Amino acid sequence: MSDKFVAAIDQGTTSSRCIIFNQDGAIVAVDQREHRQIFPKPGWVEHDATEIWAKVQAVVAGAIAKAGLRADQLSALGITNQRETTVLWDRATGQPVHNAIVWQDTRTAALCNELGGADGQDRFRDRTGLPLASYFAGPKVAWLLDNVSGLRARANAGEIAFGTIDSWLIWNLTGGTDGGVHVTDVTNAGRTMLMNLETLQWDQSILDAMNVPASVLPEIRSSAEVYGTAVGQLAGVPVASALGDQHAALFGQTCYDVGEAKNTYGTGSFLLLNTGERPVASKNGLLTTMAYQLGGEPASYCLEGSIAITGALVQWFRDQLGIIREASEIETLAASVDDNGGAYIVPAFSGLFAPYWRSDARGVVAGLTRYVTKGHLARAVLEATSWQTREVVDAMYQDSGVHITSLKVDGGMTANNLLMQHQSDVLGVPVIRPVVAETTCLGAAYAAGLATGVWSDLDELSSHWKKDAEWTPHMEEDVREREYHNWRKAVKRSFGWLEDGD
């Protein structure tokens, strides 16, 4: 076994994990724990940031114990995280002032409409690459400052810190109230709608427009550098990378060249296409966002198609409808029928993300007849992920002119062979899963290892990537286009469900 080890913390939407990798990029140990999902009102989603920090400490201890290592045997620690989820905390006490507002939360929809004014969703897009949407962190900060009693005055007095989850973890890891480092990286800062994509700094005109004081903001740093040294159970370990989860997956999938793409299938799905050292503006509902920045090197950019609900649709099918008991059962049920029976499920539970950005949409089941069984519905649940991905791939081609020739995939849903085959069928290209499917953690580990000399360069990292499975398209072209036409009809049925005043 290699004698250098790098740990990565993956703080996700439903759970926190710590994975320890060796110098070959192989997994040595994993520990994972779920945290609560808090739903105060319809459309509102919150997390307890204190609980998240406790779970992170627990999984770090668990992974180190399972690996049979001591903390001082770790060369570096990397962080990857659910992105737009927003935490405000008291600098003196270290306590959050409110539950974290999760990226899925829609409470800021009205505020976003108000901020858009005559310019609409595109008011800040030329500087941020993002449409005005409740998804992003900036409006969440503004909402908290306006709705938590006395908070704005405390923020203006410099008593309050803001961060996405990476900032919250790095601050706590490096000492918290006793000298904790308040930083974020370009990938996470780029998801606040407060950072200028060209300068990679906070944009004062947007801060003024949203009424967010600069005093609450972390310092923006690159994705791979030593931010500080951990204290506590990881005492002495360099904290050396931060990447939003999707950017980390792109990095872990070694998509370092222009035109390379990956799709991560989790609670939602996120397809990223590397576009190189210049941002590519989207005219087709995609996000122009950061890929990564390594130390003092030029930043890399990407186009992103963010799909809000994919794996979460399987959870809904299991938990709310009770048709299956375990998520894995959906593949067997879906395989019990030959097709979807004419049924399509559009999971616009809290609106639609790319390429539509329709906060007024809500979920629909279309095409129901007496013929449709639970097997057909199970297949429709899986196919919803494939079709939403197809829409994003089409938009990427329209924006960039790049035809994707294959798609690297990762995340929990890639274990579903029926889904992966359907994904290949509807895209008409091979779908490839790597040996190490935990590419989010791997990307954070790679970036931290680059910053601390564990690995020398991107070529060395690319040499570690190995194929585990590949699916090739079998669907006839006329079937593919007919089904896609029906899917898009179903999507249109979801539009406009919410009206002004709802």
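Predicted model: local features only at pLDDT ≥ 70, side-chain atom pairs only at ≥ 80, totals over all residues.
Which residues are buried in α9?

**View 1. Helix α9 and its cover.** Helix α9 runs through residues 245–252 and is mostly covered, with eight of its eight residues buried. The buried residues in α9 are D245, Q246, H247, A248, A249, L250, F251 and G252. Buried here means under 20% relative accessible area. An α-helix has 3.6 residues a turn, so residues three or four places apart point the same way.

**View 2. The residue T254 after α9.** T254 follows α9 and has a positive phi, near 55°.

**View 3. Fold and extent of the protein chain.** The protein chain contains 16 helices and 23 strands. Its C-alpha trace spans about 65 × 60 × 45 Å along the principal axes. The radius of gyration is 22 Å; this agrees with a compact globule, because one of 502 residues would have a value near 23 Å.

View 4. Of the 502 residues in the protein chain, 61% count as buried. Among contacts with a separation of 6 or more, 71% are made by residues 24 or more positions apart.

Technical notes:
Residues numbered from 1 in each chain as written. Heavy atoms only, no water. Helix = DSSP H or I, 4+ residues; strand = E, 2+ residues; numbered from the N terminus. Rg over C-alpha atoms; globule rule 2.2 N^0.38 Å. Buried < 20%, exposed > 50% of the residue type's maximum accessible area, 1.4 Å probe, protein only. Contact = heavy atoms within 4.5 Å.
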